[in-house]
Amino acid sequence: MSTGIPRIVLGAPSSNSGKTSIATGLIAALTARGLTVSPHKVGPDYIDPGYHGLAAGRPGRNLDPWLAGDERLVPLFLHGALTPTPADVAVVEGVMGLFDGASHASVAPGYGSTAYVAAALRAPVVLVVDASSQARSVAAVVHGFATFDPGVRIGGVVLNRVGSDRHEAILREALGAAGVPVLGAVRRIEALQTPSRHLGLVPAAERSSEAVRTVRALGAVVESSIDVDAVLRLAGTAPDLDGVPWDPAAEVTRAPLTAEGTRPVVAVAGGAAFTFGYAETAELLAAAGADVVVVDPLRDQALPAGTRALVVGGGFPEVHASALSANVGLRTAIAELAAAGGPIAAECAGLLYLARELDGEPMCGVLDTAAAMHPRLTLGYRSAVALSDSALAPAGTRVRGHEFHRTRTGPGAGATPAWQWNAEGPEGFVAGPQANVHASYLHLNWAGSPAMAGRFVAAAAAVPVPLHASRAPS
């Protein structure tokens, strides 16, 4: 199957060059023109896709061959570009420097990099260059990136953080001999900087109306500073892609109905405290036969009516610990669900929320462990094997994931380890009366391990009695 989707990839010589601001602004500018934009992000990051999705009005999706597999890279791109409706253009934001990839010993240098994904998508690259501390040297930088790998086509340059008209003139003159067109020059605009904290940018979901204003302002800056028509023409030079769009229904075994003859309700944590998640997880759960309902632990006092299982992904519970602790009704309901054998899958922030306490604040108490902030950032790709049978995976299951946190947990009583990925020892917890609770620091994209969705929903359907709750699924 051959599919033609205009597309570009935004890369940079290094991190902190302004890729996210330019990508988000470009998506917003194209959307404001009435175009349907499919937003994508290279790598595992959750925060940037939130801004992309806000700008596009459809989910920002990740493209990460480590997490999902090389064979799914193009199918996942096509799925995102065609769902829920076909996009007019796709914008892919890169990660780190253009050629910087996974450092894991099991893969070749540059694996999973922006350049790697751009080559797989056969997409031209727009290089975003931070010009704030250079003048004529910019031409050497661009020339080097344009010639380093003949399999990557750099079709244009956006100069970011330009200081003045004179500075811009010097940069453009120098680049005239580099053979790569300048598509725009964006000035230093401090008012458009997105706030950051200990794990990077503050998620769009936490900033609400402020984030909407920032996205609109970025769109206006891109429209006035970049030749958007030239970017669209460049995107249109991408050749047709051969591949079949990813289909969640083809990846899972559909679980049986409950004893009552209904689809099991699986609640997925959302809201400002739990913003880290991949769109494919909910799609796989639904394809496996679940009714997927969002629950906000900061606001909802009870689980959705009929809840038989719960997924709690990543986010920033440490920022909202007091408010999460104050919601005693939901904490109690989650503990009751776990005790009744309801499957619970928790990643990173979810692990902290299920703990006995977080930074001294009482949490759900499903796991007899305490969590606290730690000065050291733990970050990296992981190749793990399941050590225990659980509602998520049988022992021996091999997965690829990533870690990203600044917290630590203590030993947990009454639980067995979840994963092993290095010689330092096991990690995570499997607990509950039927090994129904699985909690770990490991982030997974379930598209890379789709059998987990079918197993999890089947375990949910087998729960004999759903937990009572005060609100119906919406």
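Student: Which residues lie nearest the centre of the second largest pocket?

Tutor: Thr-275, Phe-276, Gly-277, Tyr-278 and Ala-279 lie nearest its centre, out of 36 residues that line the pocket. This is a predicted model, where local features need pLDDT of at least 70 and side-chain atom pairs pLDDT 80 or more, while totals for chains, interfaces and linings use all residues. Residues are numbered from 1 along each chain as its sequence is written, and side-chain values use heavy atoms, leaving out hydrogens and water.

Student: What makes something a pocket, and what makes something a cavity?

Tutor: On a 1 Å grid over the protein atoms alone, a cavity is a set of points where a 1.4 Å probe fits but cannot get out; a pocket is an open set with protein on both sides within 12 Å along at least five of seven lines, and a lining residue has an atom within 4 Å of a point. The second largest pocket has a volume of about 890 Å³, a volume being the space filled by probe spheres set on the points, which are joined across faces, edges and corners.

Student: Which element gives the most to the lining of this pocket?

Tutor: Helix 2 does, with five residues. Elements giving two or more residues include helix 2 (47-56), helix 12 and strand 15. Helices (H or I, at least four residues) and strands (E, at least two) are DSSP runs, numbered from the N terminus.

Student: How does the pocket lining divide by class?

Tutor: The lining has 22 nonpolar, eleven polar and three charged residues. Ala, Val, Leu, Ile, Met, Phe, Trp, Tyr, Cys and Pro count as nonpolar, Asp, Glu, Lys and Arg as charged, and the others, Gly among them, as polar.

Student: How many cavities of 30 Å³ or more are there?

Tutor: Three. About 60 Å³ of space lies in the second largest cavity, and its lining includes Ala-345, Trp-419 and His-438. Strand 15 gives the most to that lining, with three residues. Seven of the lining residues are nonpolar, two polar and one charged.

Student: Why is helix 1 called largely enclosed?

Tutor: Buried means under 20% relative accessible area with a 1.4 Å probe and protein chains only (exposed is over 50%, partly exposed in between). Eleven of the 14 residues of helix 1 are buried, so the rest of the structure largely encloses this helix. Among them are Ile-22, Leu-26 and Leu-30.

Student: How do you know that the span of helix 1 agrees with its length?

Tutor: The expected span is 1.5 Å times one less than the number of residues. For the 14 residues of helix 1 (residues 19-32) that gives 20 Å, and the end C-alpha atoms are 20 Å apart, so the two agree. Just after helix 1, Gly-34 takes a positive phi of about 95°.

Student: What about helix 12: which residues are buried?

Tutor: Glu-280, Thr-281, Leu-284, Leu-285 and Ala-287. Seen down the axis of helix 12, they fall within an arc of 165°, so they line one face; the arc is that of the directions from the helix axis to the C-beta atoms.

Student: What makes strand 2 and strand 5 a pair?

Tutor: Two strands pair if DSSP finds at least two bridges between them. Four bridges join strand 2 to strand 5, so the pair qualifies, and the two run parallel. Leu-10 has Glu-93 of strand 5 as its bridge partner. Strand 2 also pairs with strand 6 in the parallel sense, over three bridges.

Student: How do you know that both faces of strand 2 are covered?

Tutor: Arg-7, Val-9 and Gly-11 on one side and Ile-8 and Leu-10 on the other are all buried.
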